[in-house]
Amino acid sequence: IAGQLIINCLSDDDIAEGLEWKDKQDKPFLLCIQWHPERMYEFQLEKNALSAGIREQFIAEIKKTKQLK
């Protein structure tokens, strides 16, 4: 399965911190990350735009899935 994924985020020391599908067509939402965006509520959104974007995309994907059922 590793060949079907791409790295979408690297740390300052070149460690992969994010993965997603290379080809997203006909696949479920997948976003693998090495940090904890679910903890973003502890911080101001303006200072954590990346985590806020992840949270919003996750919520949007849940809503899409719920509409399909």
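## A pair across two strands

Strand 2, covering residues 16-21, runs antiparallel to strand 3, and two bridges link them. Zoom out a bit and you get an open sheet of three strands, ordered 1-2-3, with antiparallel pairing. Which strands are at the edges? Strand 1 (5-10) and strand 3 (32-33) are the edge strands, since each of them pairs on one side only.

## How confident is the prediction?

Across the chain, the mean pLDDT comes to 81, and 75% of the residues reach 70 or more.

Now find Glu 20, which is in strand 2. Is Glu 20 buried or exposed? Its relative accessible area is 18%, and the cut-off for buried is under 20%, so Glu 20 counts as buried.

A salt bridge ties Glu 20 to Lys 24, with their closest N and O atoms 2.8 Å apart. The two side chains also show up as a polar contact, again at 2.8 Å. Another polar contact, of 2.9 Å, joins the side chain of Glu 20 to that of Asn 8. As for Lys 24, it is partly exposed, at 46% relative accessible area.

## A second salt bridge, in the helix

How many salt bridges are there in total? The count is two. Why would such side chains get together at all? Because side chains of opposite charge can pair when their charged atoms come close.

The other one to look for joins Lys 64 and Glu 61, whose closest N and O atoms are 3.1 Å apart. Both residues lie in helix 1 (residues 49-68), and they are three residues apart, or about one turn of the helix. Glu 61 is buried, with 17% relative accessible area, whereas Lys 64 is partly exposed at 46%.

## A nonpolar patch on the surface

Next, turn to the surface. Which residues form a nonpolar patch there? They are Phe 29, Leu 31, Phe 58 and Ile 62, and together they have about 340 Å² of accessible area.

Take Ile 62 as one of them: it belongs to helix 1. With a relative accessible area of 44%, Ile 62 is partly exposed. Residues join a patch only with over 30% relative accessible area, so Ile 62, at 44%, clears that cut-off.

## Two loop residues with positive phi

Last stop: the backbone. Most residues other than glycine have a negative phi. Two aspartates are worth a look here. Asp 14 has a phi near 65 degrees, which is positive even though the residue isn't glycine. You'll find Asp 14 in the loop between strand 1 and strand 2. Asp 14 is exposed, with a relative accessible area of 60%.

Asp 26 also has a positive phi, near 60 degrees, and isn't glycine either. Where is Asp 26 found? Look in the loop between strand 2 and strand 3. Asp 26 counts as exposed, at 77% relative accessibility.

Notes: Residues numbered from 1 in each chain as written. Predicted model: local features only at pLDDT ≥ 70, side-chain atom pairs only at ≥ 80, totals over all residues. Heavy atoms only, no water. Pairing = 2+ DSSP bridges. Helix = DSSP H or I, 4+ residues; strand = E, 2+ residues; numbered from the N terminus. Salt bridge = Lys/Arg side-chain N within 4 Å of Asp/Glu carboxyl O. Buried < 20%, exposed > 50% of the residue type's maximum accessible area, 1.4 Å probe, protein only. pLDDT = per-residue confidence, 0-100. Patch = residues over 30% accessible without salt bridge, like charges linked within 9 Å, V, L, I, M, F, W, Y side chains within 5 Å. Areas by Shrake-Rupley, 256 points an atom, 1.4 Å probe, with all protein chains shown as cover. Polar contact = N/O pair within 3.5 Å; in protein donor to acceptor, adjacent residues only side chain to side chain.
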